[in-house]
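Hello,

I am handing over the structure below. My notes follow it.

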Amino acid sequence: VAPYTITYFPCRGRCEALRILLADQGQPWKEIVVTMQEWMKGDLKASCLFGQLPKFEDGDFVLYQSNTLLRYLGRKHGAYGKDDKQASLIDMMNDSVEDMRLKYMRLIYQEYETGKEKYIKDLPNDLSKFEKILSNNKGGFLVGNQISYVDYNFMDLLQNLQVLSSNCLDSFPSLKSYVERLSSRPKIKAYLETDEHKRRPINANGKQ
Ligand SMILES: N[C@@H](CCC(=O)N[C@@H](CS)C(=O)NCC(=O)O)C(=O)O
């Protein structure tokens, strides 16, 4: 039996990085898919600590907050750096990835029609910072020389950005090879090729 359960809406959204982490770490998990119609009934929402999904269960241990879930699994499966300093650098990177994810979600859910052009035009401002970080770190990951939870999160976001704007990484060679390298890790590649992943829309409103 899979000890882990993800309860979430039928999209990749705030859970796909977590799924990629689990796949890469060889951990099985169970999905409970909640449609908007079910959610609107209100019972599940009322039972959630902050009234939102995702909800994550490891046996009878329950957690909320997607970035907390990434850190929990990073800690448990050795994807959280080699010492406290690296762990803090990883947290710092993840806070910055979260800033980028929030901008992306604002575009998708609030201003897709009116804001897409400006969003794509401004994207290099953020991407160039990460390009520099990656090209300075010869380890090939955002921090150190082994994969950490933030790499799964960043890779997922970069893949979404490539769907939004197919050539957005063209002037960022380190970012481009980073996504290619991570997505071709055997277990990640196998997961990305599953119907389960492919059929799941990136965002709940169908925009991408
Ligand atoms: N900070 C939270 C945000 C959670 C969140 O925004 N959840 C949304 C879906 S991605 C939700 O539950 N929306 C339905 C609602 O608020 O009723 C996290 O990272 O998990």
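How far does a polar side-chain atom of W39 lie from an oxygen atom of the ligand? The distance is 2.8 Å.

First, the basis. This is a predicted model, where local features need pLDDT of at least 70, side-chain atom pairs count only at pLDDT 80 or more, and totals for chains, interfaces and linings use all residues. Residues are numbered from 1 along each chain as its sequence is written, and side-chain values use heavy atoms, leaving out hydrogens and water.

**Ligand.** Y8, F9, R14, W39, K45, Q52, L53, P54, Q65 and S66 surround the ligand (a heavy atom within 4 Å). An N or O atom in the Q65 side chain is 2.6 Å from a nitrogen atom of the ligand. For S66, a side-chain N or O atom is 2.6 Å from an oxygen atom of the ligand.

**N94.** This residue sits in helix α5 (residues 84-110). N94 counts as buried because its relative accessibility is 1% (buried means under 20%, with a 1.4 Å probe and protein chains only). Beyond neighbours within four places in sequence, N94 is in contact (heavy atoms within 4.5 Å) with residues including Y149, V150 and N153.

**Helix pair.** The axes of α6 (residues 112-136) and α8 (residues 173-183) come within 8 Å and cross at roughly 75°. So α6 is roughly perpendicular to α8 (65 to 115 degrees). L127, F130, E131, L134 and S135 of α6 meet P173, S174, L175 and Y178 of α8.

Best wishes

Terms used
Axes fitted to C-alpha atoms, helices over the stretch in contact; angles between N-to-C directions. Helix = DSSP H or I, 4+ residues; strand = E, 2+ residues; numbered from the N terminus. Parallel < 35°, antiparallel > 145°, perpendicular 65-115°, else oblique. Buried < 20%, exposed > 50% of the residue type's maximum accessible area, 1.4 Å probe, protein only. Polar contact = N/O pair within 3.5 Å; in protein donor to acceptor, adjacent residues only side chain to side chain.
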